[in-house]
Structure formats: C-alpha cells, structure tokens
Amino acid sequence: MSPAPTSPAATPALAGFSGTILLLGAGKMGSAMLEGWLALGLGPDKIAVLEPQPTPETAALTARGLRLNPVRAALGEVSAVVLAVKPQTAPEAMPSLAPFVGAATVVVSIMAGRTLRFLEAALPPCAVIRAMPNTPAAIGRGITVAVGNPRVSPQQRELVHALLSAVGTVEWVTDEALMDAVTAVSGSGPAYVFLLAEAMTKAGIAAGLPGALAATLARATVAGSGELLHRSPLDAATLRQNVTSPGGTTAAALDVLMGKDGLDRLMTDAIAAATRRSRELAG
Ligand SMILES: NC(=O)c1ccc[n+]([C@@H]2O[C@H](COP(=O)([O-])OP(=O)(O)OC[C@H]3O[C@@H](n4cnc5c(N)ncnc54)[C@H](OP(=O)(O)O)[C@@H]3O)[C@@H](O)[C@H]2O)c1
C-alpha cells in the first residue's frame with residue numbers, strides 16, 4: 001500500500017496566482033491556513049494579514065513581503081478575503097473588512113455557525129463562501145466543507161478550493177442547510193475520536209492494565225487505525241471485518257459495541273444533538 005500524500009499538490013489556481021489574499025485573524029486556524037498557502041508556493045508578497053496580536057512567525061513573514069495590518073490604499077484589489085476570527089468576534093471585525101471588499105472579491109468565512117445570510121448582511125454585495133474546516137487542519141489533514149452564494153464565479157470557486165486545500169480535503173455542497181449536519185459530523189468529529197481514545201484508556205485500566213500503558217495503547221491504536229483508514233482504499237466496514245475472526249476476541253467486543261443500544265445508536269443520537277445545537281446557534 002503506498003502512503004497517501006500528507007499535503008495536496010500545488011494546484012494551478014495558487015501556483016500561478018498573481019492577486020492579493022487578505023487573511024482576517026491569524027490565530028490557530030488562520031495561521032494553519034497561512035502556513036499551508038506558503039507550503040503550496042504562494043508568495044508571502046501575495047498575502048496580507050489583519051491581526052491585532054500577530055505571532056512572531058507571522059510578524060517575521062513581513063521580511064519576505066507579507067503585509068501585516070496594511071491600510072486599504074496600500075493593497076490594491078483584494079482577490080479573496082479569508083475570515084478566520086471567532087464567530088463571536090464577527091460583528092466587531094466585519095466592519096473593518098468592508099473597505100477591502102470590491103465587486104471582484106470573494107469572501108470566505110471559516111467561522112462556525114455564521115450563515116451566508118449573516119455574512120452578506122455585513123458586507124458590500126460580493127461573492128461569499130461559508131466553509132467549515134476541522135482541527136486536523138493544523139497538520140494539513142483537515143476536511144473542509146464549503147457552500148457559496150450565487151455570486152461566486154467558477155474562477156473564484158477554484159481559487160477558494162485551492163486556498164482551503166492547503167489544510168486538507170475540500171468538499172462542496174449546494175444546500176447550506178447541510179452545514180449543520182456537516183458541523184456535527186466533521187467539525188465536532190475530532191472530539192468524538194479523542195473521546196474514543198479516552199474511553200479505551202479507562203476500559204483498559206478497568207481490565208487490569210497500568211494507566212500509562214492503557215493510554216499508550218489507546219492513543220497508538222486510534223492514531224494507527226486512523227492512518228490505516230486514511231491510506232487504505234478499503235472502506236471502514238471492510239477494514240473492520242478484516243480484523244474480526246468469527247468467534248474471536250474482536251467479535252466478542254463488537255457484539256457489545258454493535259448491539260441494540262451500542263455505538264450506532266449512541267452516535268446517531270450524538271450527531272442529531274450536535275446538528276440541533278448548530279441550528280440553534282445559527283439562529
Ligand atoms: N479551531 C478549530 O478547530 C476550528 C474548526 C472549525 C472552524 N473554526 C473556526 O475558525 C475560526 C478561528 O478559530 P481559531 O481557533 O483559529 O480562533 P483563534 O485562535 O482565537 O483565532 C482568531 C484570531 O483572530 C484575531 N482577531 C480577533 N479580532 C480581530 C479583528 N477585529 N481583526 C483581525 N483579527 C482579529 C484574534 O486575535 P486575539 O487573540 O487578539 O483576539 C485571533 O488571533 C473560528 O470562527 C472558528 O469557528 C475553528
């Protein structure tokens with residue numbers, strides 16, 4: 001089995017890009033995207049950042065041409081704005097954005113729960129994309145789901161696809177209502193996987209293992225299985241069946257996990273609860 005690439009290949013949309021990308025908010029997610037763009041060969045001179053408290057890494061990029069907290073007049077036309085501030089900061093941050101948005105600008109928000117309608121109301125008329133990444137973006141292995149308003153042109157979609165691909169895989173939907181379930185599955189999903197490692201640790205201790213060994217086994221098993229799933233062409237069910245001998249130890253555990261009130265039921269309830277909460281928060 002050949003290893004899957006850990007970062008996507010440079011896409012033509014970024015390699016030949018000659019405009020300006022403006023990043024609003026270079027915190028955890030914004031910095032991960034910035035690093036991803038640079039890794040894909042986007043020149044720092046093509047990037048401007050608005051960030052009140054830049055990290056030393058971001059500030060150091062000014063020596064390579066990155067423009068930090070520029071005034072509008074210094075930028076010229078901005079091709080894309082990436083909005084990566086916390087959702088609760090949006091009402092305060094969005095007005096500072098408006099002067100940078102022209103008729104040809106596409107604005108991409110990665111803010112959880114902020115709808116296209118909210119974004120459109122806070123901006124001059126322009127192409128707007130709402131995207132939902134997840135935390136593995138920090139290591140270039142996120143998955144982002146995006147939806148655009150009708151003003152997004154095919155070229156803008158291609159540019160945004162390339163920008164989001166810098167931190168992992170990108171999927172597009174046309175129905176914004178799906179974003180609540182997307183948030184529940186992939187946005188919140190990393191926490192479910194971390195919980196699995198926690199639960200396996202506790203169960204290992206209950207079965208007699210020393211705590212440190214149980215934690216090491218659980219962590220390595222979750223990480224290794226995730227990597228196997230990532231690299232394998234087989235789906236999760238087939239990989240599971242491949243490690244389950246009839247009447248064996250795995251089958252004994254799966255009888256419990258796949259029982260009537262087992263993991264399927266729990267996960268369905270959990271994702272339904274997260275979907276409902278996402279709808280409530282979006283208002
Ligand atoms: N982290 C995730 O796993 C994840 C997953 C999916 C979606 N998202 C979304 O990604 C967004 C960013 O999350 P994060 O975890 O990266 O948050 P974060 O680390 O707090 O980053 C936000 C950054 O924006 C800066 N900022 C605040 N007000 C600003 C303004 N008016 N103008 C310019 N910059 C401003 C903040 O500076 P200060 O520190 O000075 O406030 C901070 O550096 C959120 O909307 C979140 O919903 C995150």
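Helices are DSSP runs of H or I with at least four residues, numbered from the N terminus. The model shown is predicted.

**View 1. The largest nonpolar core of the predicted model comprises 36 residues.** Within this core, Ile21, Trp37 and Leu164 have the most contacts. At least two core residues are supplied by each of strand 1 (21–24), helix 2 (28–39), strand 2 (47–50), strand 4 (80–83), strand 5 (106–109), strand 6 (127–132), helix 6 (154–165) and strand 8 (168–172). Helix 6 provides the largest share, five residues. Apart from this core lies another, of 28 residues, including Val78, Leu83, Phe100 and Val182.

**View 2. Surroundings of tryptophan 37.** Neighbours within four places in sequence are left aside; beyond them, Trp37 is in contact with Leu14, Ile21, Leu23, Leu42, Ile47, Val82, Leu163 and Ala166.

**View 3. Helix 2 and the glycine that follows.** The end C-alpha atoms of helix 2 are 17 Å apart, in agreement with the 16 Å that its 12 residues should span at 1.5 Å a residue. Buried residues in helix 2 are Gly30, Ser31, Ala32, Met33, Leu34, Gly36 and Trp37.

**View 4. A nonpolar surface patch of about 460 Å².** Leu257, Met258, Leu263, Leu266 and Met267 make up the patch. Its largest share, three residues, comes from helix 12 (residues 263–282). Leucine 266 is found in helix 12. Because its relative accessible area is 54%, leucine 266 counts as exposed, the cut-off being over 50%.

Definitions and conventions:
Residues are numbered from 1 along each chain as its sequence is written. This is a predicted model: local features need pLDDT of at least 70, side-chain atom pairs count only at pLDDT 80 or more; totals for chains, interfaces and linings use all residues. Side-chain values use heavy atoms; hydrogens and water are left out. A nonpolar core is a set of buried Ala, Val, Leu, Ile, Met, Phe, Trp, Tyr and Cys residues joined through side-chain atoms within 4.5 Å. Buried means under 20% relative accessible area, exposed over 50%, partly exposed in between (1.4 Å probe, protein chains only). Contact means heavy atoms within 4.5 Å. The expected span of a helix is 1.5 Å times one less than its number of residues. Patches are made of residues with over 30% relative accessible area and no salt bridge: like charges are joined within 9 Å, nonpolar side chains (Val, Leu, Ile, Met, Phe, Trp, Tyr) within 5 Å. Accessible areas come from the Shrake-Rupley method with a 1.4 Å probe; for residues, only the protein chains shown count as cover. A salt bridge is a side-chain nitrogen of Lys or Arg within 4 Å of a carboxyl oxygen of Asp or Glu.
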